[in-house]
Amino acid sequence: MMGGMASEETRTLKSTTAPGSAIARGSAITCDSVVAPEVVAPEVVAPEKGAAVPPTRAWAVRLVVVGIVLSALNLRPAITSLGALLEEVRDGLGMSGSVAGLLTSVPPLCFAVFGVMAPRLARRFGTGAVVCAGMVAITAGLLIRPYTGSTAGFLAASALALMGIAVSNVLMPVIVKRWFPDRVGSMTGLYSMALALGTAAAAAVTVPVTEALGGSWQSGLTVWAGLAAAAVLPWIPLVRDRGAAPAEREAGQGVSGHVHARVDGAGPVRQVHARVAPPTLRITRSRTAWALAVFFGLQATAAYITMGWMAQIFRDAGVSAGTAGLLLAVTMVMGVPLAFVIPRVATRLPHQGPIVIALGACGLAGYAGLYLAPAAGAWAWAVLLGVSNCAFPLALTMVGMRARTGAGVAQLSAFAQSTGYLISIPGPLLVGVLYQHSGGWGLPIALMVGLMVPQMLVGVLAGRDRTVEDEAAR
């Protein structure tokens, strides 16, 4: 859709260019043209009555906002709905604790494997098409997995849904950066708030819905496919609008064109600037990119351990299944207001390190409470861990801040998320193994505490005011 606006601008250029101009002689600019850097072709034209560059279609912007919100709502229910019913799923499929730990490690594995493909898919098919396909994959996976009848089938269907989540995870910051470059903080906050709301809703209502549907865990997991199906709809017009890639081909490559006029006494002068997109960054040369990737990985480790195991920790402490689901929901719902506030605050600070430290301190306090008095102070620990989990919207915001261009954001988002999710894979699995062999939660909680300290350190490094383009160039 954004490319549609670029195409309209190109058509305007062609229609207002004199026959003898340099552009008219065969160098008309299109989204896929390759031209010399900073080509400037001045042209004196007569004033045109009613001529104007077509405005951005307001309906398209509204549709993108709706698509972002609905997509964000679907980026975690596949995970947290399972966490609320993990014990029932284990019993139904005959899973051991170690296999259940493997199940909780599948999300970061899929995010790492499939997330890295997102920028290439977006260049090939367009961002809207890829996100639409991602929502379709989530819908299909959630419909299929409860009825496969085996652990292997359950894992495969979960992987299908998580593949859709993975590509959408990576492309959401890109969409925000391109459609709302002057509102990265607020739009990231809106997206993160919707993500937290979907996460919390799945944790809170999955158990009651399951009970209302007769106690079948299959039905309780399947209902979330309806929300995913609704998220497909806003992206359908973007798929059909094949001119929809922006001048930089949505994933960050191509040519950008600019039209402006000035008056120098002889009449309006129209100039066309064409810039070749910068070459692909050597992102691995950037220390900030690595710090952000490790920060992303460690906060993802904490988040998936929380989503996969926290309800079980409370249930083992004597809390009922329904209350344990509500406690997990409280942890998730803390991200609704904070996910909107934190990105806005972060974009106003030159260094995001203080926010990293504050969130990490809340996590350490919450883990200490889970170890010392898991049932007695359950609500307090749920709140503290919910605050700590807001490192996720902070990481997304820093992805948008640590790169200057849309191309840089796309590449940094793919690198940080894919590398980060690779780092996070062993955490939930290791928790399951420690839980099964130790017979308690002491060692798993000690592991969580041990991972929080380096998360704070690399978060401070990632929060420094610098860009990956500058570091990669050096």
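Predicted model: local features only at pLDDT ≥ 70, side-chain atom pairs only at ≥ 80, totals over all residues.
Overall, the protein chain has 22 helices and four strands, and 56% of its 474 residues count as buried.

**The chain as a whole**

- Take the contacts in the protein chain with a separation of 6 or more: residues 24 or more positions apart account for 82% of them.
- The accessible surface of the chain comes to about 18,300 Å², and carbon and sulfur atoms hold 66% of that area.

- Thr405 is partly exposed, because its relative accessible area of 28% falls between the 20% and 50% cut-offs.
- Setting aside neighbours within four places in sequence, Thr405 is in contact with Lys177 and Glu469.
- Thr405 and Pro181 are 224 residues apart in sequence, yet their C-alpha atoms are 9.5 Å apart in space.
- Pro181 has a loop of its own, the one between helix 8 (151-179) and helix 9 (184-212).
- Pro181 counts as exposed, since its relative accessibility of 52% is over the 50% mark.

**Thr467: a buried loop residue**

- Thr467 is found in the loop between helix 21 and helix 22 (468-473).
- With a relative accessible area of 13%, Thr467 is under the 20% cut-off and therefore buried.
- Its side chain makes a polar contact of 3.2 Å with the side chain of Arg404.
- A polar contact of 3.1 Å also joins the side chains of Thr467 and Asp470.
- Not counting residues up to four places away in sequence, Thr467 touches Arg402 and Arg404, so Arg404 turns up here as well as in the polar contact.

**Helix 14 against helix 17**

- Helix 14 (residues 321-333) and helix 17 (residues 378-388) pack at an angle of about 35°, and their axes are 7 Å apart.
- The crossing of helix 14 past helix 17 is right-handed.
- On the helix 14 side, the residues that meet helix 17 are Thr323, Leu326, Leu327, Val330 and Thr331.
- On the helix 17 side, they are Ala378, Trp379, Ala382, Val383, Leu385 and Gly386.
- Sorted by class, this contact has eight nonpolar and three polar residues, and no charged ones.

**Helix 13 against helix 21**

- Helix 13 (residues 287-316) packs with helix 21 (residues 442-462) at an angle of about 150°, their axes being 8 Å apart.
- This time the crossing is left-handed.
- Helix 13 brings a list of residues to the contact, among them Leu292, Phe295, Leu298 and Ile305.
- From helix 21, the residues in the contact include Met448, Leu451, Pro454 and Val458.
- The residues of the contact of helix 13 with helix 21 split into 14 nonpolar, five polar and no charged.

**Met456: another residue of helix 21**

- Met456 is found in helix 21 too.
- At 14% relative accessibility, Met456 is under 20% and so counts as buried.
- Beyond residues up to four places away in sequence, Met456 touches Val356, Ile357, Gly360, Ala361 and Leu364.
- The C-alpha atoms of Met456 and Gly353 are separated by 8.3 Å, although the two residues are 103 residues apart along the chain.

- Thr210 lies in helix 9.
- Thr210 is buried, because its relative accessible area of 5% is under 20%.
- Leaving out neighbours within four places in sequence, Thr210 is in contact with Leu85, Gly215, Ser216, Trp217 and Gly220.
- Val99 sits in helix 5 (residues 97-115).
- Val99 counts as partly exposed, at 29% relative accessibility.
- Val99 and Val433 are 334 residues apart in sequence, while their C-alpha atoms are 8.8 Å apart in space.

Conventions. Residues numbered from 1 in each chain as written. Heavy atoms only, no water. Helix = DSSP H or I, 4+ residues; strand = E, 2+ residues; numbered from the N terminus. Buried < 20%, exposed > 50% of the residue type's maximum accessible area, 1.4 Å probe, protein only. Contact = heavy atoms within 4.5 Å. Areas by Shrake-Rupley, 256 points an atom, 1.4 Å probe, with all protein chains shown as cover. Axes fitted to C-alpha atoms, helices over the stretch in contact; angles between N-to-C directions. Left-handed = near helix turned anticlockwise from the far one by under 90°. Nonpolar A, V, L, I, M, F, W, Y, C, P; charged D, E, K, R; others polar. Polar contact = N/O pair within 3.5 Å; in protein donor to acceptor, adjacent residues only side chain to side chain.
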